[in-house]
Amino acid sequence: MARSSLTGSFTSADRVPTVVDPARIFDEFPAPSYRGNQRQALADIRDAFAAGNDVVLVRAPTGSGKSLLAHAIAGCARTAGEAGAEEVIDAYYTTPQVSQLDDVAEDALLSDLSVIRGKNNYDCILPGETDTPVNQAPCARERKFDCQVKHRCPYFSDRAIASNRPIAAMTLAYFMQTAGSDVFGPRDVVVIDEAHGLGDWAEMYATIELGPDTVPVWDDTRPQQVDDLEDAAGYAQRLADVGERRVQELRQQEELTAEEVAERDRLNKLRQDLQWFVEDYRDPESVTTWVVDQPDGEGGSVTIKPLDPEKYLKHTVWDRGHRHALLSATILNKDAFCANVGLNPDNVALVEVGHTFPVENRPLYDVTQGKMTYEHREETLPKIARIVVRAMQAHPDEKGLIHCHSYAIAEQLAELLVDFGVGPRLRSHESEDRDGQLTAWKRTDDPDVFLSVKMEEALDLEGDLCRWQVICKAPYPNTRDSRVAQRLEDGQWGWYYRTALRTVIQACGRVIRAPDDHGATYLADSSLLDLFERARVDMPDWFAEQVDRMGPPDLPTFDPNAALGGGNVGSSADDGGNSGQSRSRSRSRSRSRSGRRSSGTSPMADVWDTE
């Protein structure tokens with residue numbers, strides 16, 4: 001079995017180490033024993049920091065216990081008793097995924113991590129306000145409101161605790177939004193879990209959407225034709241000025257309605273974003289490339305997007321700690337990752353953690369039926385539908401997951417499967433009820449097949465929760481997105497293929513979560529095979545082993561009746577697939593009040609928290 005390995009720059013042996021005592025990393029490991037390659041990984045991480053690296057990337061596959069490794073790293077941060085008067089102490093743990101933070105909060109081994117969430121996740125405790133989120137409570141609505149129970153407010157209480165504990169845990173969004181605050185200032189160590197998409201998350205968070213749904217003063221500020229970035233900067237400045245005047249009007253009122261509070265907060269955030277864009281765009285030293293879209297022309301919505309927002313990440317992430325540890329299964333190329341997020345690779349080490357799951361337990365099957373690009377989809381998708389039916393036959397008593405890539409594909413595939421007569425075994429979701437539908441599917445004991453969209457990450461389907469899955473389409477970035485188009489125009493094809501490969505690897509990990517777990521992945525789009533060839537150089541060894549073992553499965557002959565349970569399990573030279581059992585069920589919907597996450601939502605409620 002492969003052990004962890006370490007690469008990086010170790011020429012600065014006499015630099016001050018990140019932690020006071022690097023050997024403490026073993027004492028800070030929270031589990032009673034090690035499993036897999038954890039002990040070796042900790043040793044390599046310790047050595048990387050002790051050698052003077054500012055950042056350590058930890059590439060650890062599913063099942064490595066990344067959260068436990070993260071705790072051990074964070075626990076090595078300088079403490080108050082070890083620091084001088086001007087030295088920062090303690091650590092942050094942060095992750096882009098709300099579901100990951102939920103898992104941390106519920107893990108008894110990580111109970112000393114103090115979790116803080118955005119205000120909208122807490123309810124006010126004042127009489128008559130207990131159904132009001134804190135971001136709309138009287139303290140947010142009334143000018144000069146003096147809350148007599150602020151010390152017991154669940155939000156401010158959690159914030160005070162987290163700000164004074166050795167390890168404060170929060171989402172990446174909340175972490176970024178608190179940059180520059182007095183409450184959550186710089187700390188010694190910052191640990192980012194699931195960090196593979198750090199650059200993408202920063203780009204998404206720094207993107208400015210200007211339209212009737214996002215700009216409260218839209219009717220008074222509709223843009224003229226925006227042809228270039230200079231036009232966008234001029235419009236942004238005008239919009240910021242109008243927003244400032246409206247905020248001043250609201251501040252003069254003694255009391256605001258909940259709607260006016262939301263308007264004020266949106267305008268304040270919008271003004272900050274617009275000023276950031278204008279200043280960065282006009283800064284000759286900035287390395288950020290901005291692109292602007294106005295698809296409907298004059299008077300229509302405008303989207304301003306950054307590429308590689310190095311300056312933004314410096315302020316919100318890199319300046320927040322002396323040393324950083326970034327953990328993920330899919331940081332595929334160290335130099336490319338560093339370039340994307342504004343790091344100097346000479347000060348970054350990569351720790352590679354070997355996979356401990358037997359490769360025979362995580363098979364890939366080639367059931368490719370043709371390309372799923374838009375021009376070929378009409379011909380290919382019916383063939384994939386037949387493959388899904390045959391997969392249902394091969395797995396009559398096991399749950400399955402279909403990665404549809406888009407709602408359009410999910411809808412077309414569902415129609416084809418219903419026409420084949422296997423509809424009773426299917427479940428699906430829309431964008432507004434995905435969490436409720438996912439939770440209902442996970443809770444059922446029936447061998448249902450879930451047609452999913454954008455669930456390649458942050459989904460733990462260990463054991464019988466799911467035993468097989470189908471990837472319908474190679475998940476390439478959308479070339480109609482102006483950021484993608486700009487990168488390809490600049491020749492960044494390596495980025496394009498790595499992004500798709502990263503998503504595939506993440507998807508493959510949904511159904512195999514432990515060394516004794518097992519789950520099959522069927523690849524239906526022939527473009528996936530081309531992707532594996534083009535991105536081979538960036539493929540982790542443990543995933544390359546899966547790809548090298550890939551071949552066609554032994555699937556039953558197409559028989560929709562058998563797909564509903566118990567039927568024929570013979571083999572044929574036809575395409576490939578899995579099966580299930582007939583059921584009729586009602587849909588469950590889970591909506592959170594005012595767009596907020598409720599305590600009963602599923603792990604897929606991954607939204608950006610707000611302070």
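A: The expected span of a helix is 1.5 Å times one less than its number of residues. Keep that in mind for helix H9, which covers residues 229-251. The model is a predicted one.

H9 has 23 residues. From its first C-alpha to its last it reaches 32 Å, close to the expected 33 Å.

Start at the N-terminal end. Asp-228 caps H9 there. One of its side-chain oxygens lies 3.2 Å from the backbone nitrogen of Glu-230.

Now look at the buried side. The buried residues of H9 include Ala-232, Ala-233, Tyr-235 and Ala-236. Further along come Leu-239, Ala-240, Val-242 and Gly-243, also buried. Val-247 and Leu-250 complete the list. An α-helix has 3.6 residues a turn, so residues three or four places apart point the same way.

What do the buried residues of H9 pack against? One partner is a helix, H10 (258-282). The others are strands: E7 (208-210), E8 (289-293) and E9 (302-307).

Step back to the whole protein. It has 20 helices and 17 strands. Of its 611 residues, 56% count as buried. Among contacts between residues at least 6 apart in sequence, 77% join residues at least 24 apart. The accessible surface comes to about 26,000 Å². Carbon and sulfur atoms hold 45% of that surface.

The count of disulfides is zero. Take Cys-139: its closest cysteine sulfur, in Cys-147, is 6.2 Å away, too far for a bond. Cys-139 is partly exposed, with a relative accessible area of 39%. Cys-147 is partly exposed too, at 21%.

Terms used: Residues numbered from 1 in each chain as written. Predicted model: local features only at pLDDT ≥ 70, side-chain atom pairs only at ≥ 80, totals over all residues. Heavy atoms only, no water. Helix = DSSP H or I, 4+ residues; strand = E, 2+ residues; numbered from the N terminus. Buried < 20%, exposed > 50% of the residue type's maximum accessible area, 1.4 Å probe, protein only. Contact = heavy atoms within 4.5 Å. Polar contact = N/O pair within 3.5 Å; in protein donor to acceptor, adjacent residues only side chain to side chain. Areas by Shrake-Rupley, 256 points an atom, 1.4 Å probe, with all protein chains shown as cover. Disulfide = S-S within 2.5 Å.
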